[in-house]
Amino acid sequence: MKTIYVLTYTHESGAFVSVYSTLTAAIARVQQMDVNNTFELYEDVKIEAQQLITTDEMKSRLKHSKEWKERRALMNA
């Protein structure tokens, strides 16, 4: 799995999202906003780490989830 960093910031005109491959890049963008004196314009700024998974991994998780739901349905029947 690969980690990505999602920078979200909101403004009166809407929400904006940027995705970065490193935390350093996301922080650099926030610092750039501060240097350009635009940082104060934003109501909320956050950086979240998220995991990217492959299609095969997602299919496997869905299959296990389906199997779990079926077993639970049988137990509750």
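Modeller: A nonpolar core is a set of buried Ala, Val, Leu, Ile, Met, Phe, Trp, Tyr and Cys residues joined through side-chain atoms within 4.5 Å, where buried means under 20% relative accessible area, exposed over 50% and partly exposed in between, with a 1.4 Å probe and protein chains only. This is a predicted model, in which local features need pLDDT of at least 70 and side-chain atom pairs count only at pLDDT 80 or more, while totals for chains, interfaces and linings use all residues. Residues are numbered from 1 along each chain as its sequence is written, and side-chain values use heavy atoms, with hydrogens and water left out.

The largest nonpolar core consists of seven residues, namely Tyr5, Leu7, Tyr9, Tyr20, Ala26, Val30 and Met33, and β1 and α1 are the elements that contribute two or more residues to this core (helices, H or I, at least four residues, and strands, E, at least two, are DSSP runs numbered from the N terminus).

To place these elements, look at the open sheet, whose three strands lie in the order β2-β1-β3 with antiparallel pairing (two strands pair if DSSP finds at least two bridges between them). Strands β2 (14-20) and β3 (44-52) stand at the edges and have a single partner strand each, so one side of each is left without a neighbour in the sheet. Neighbouring strands of this sheet are turned by 25° against each other on average, direction ignored (axes are lines fitted to C-alpha atoms, for helices over the stretch in contact, and angles run from 0 to 180 degrees between N-to-C directions).

Strand β1, residues 2-11, runs antiparallel to β2 and is joined to β2 by seven bridges, and Tyr9, a member of the core, has Phe16 in β2 as its bridge partner. Helix α1, residues 23-35, packs on this sheet and touches β1, β2 and β3, with a direction that makes about 20° with that of β1 (contact means heavy atoms within 4.5 Å).

Thr8 lies in strand β1 and is buried, with a relative accessible area of 15%; apart from neighbours within four places in sequence, Thr8 is in contact with Phe16, Val17, Asp44, Val45 and Lys46. Ser18 belongs to strand β2 and, at 17% relative accessibility, also counts as buried; with neighbours within four places in sequence again left aside, Ser18 is in contact with Tyr5, Val6, Leu7 and Tyr9.
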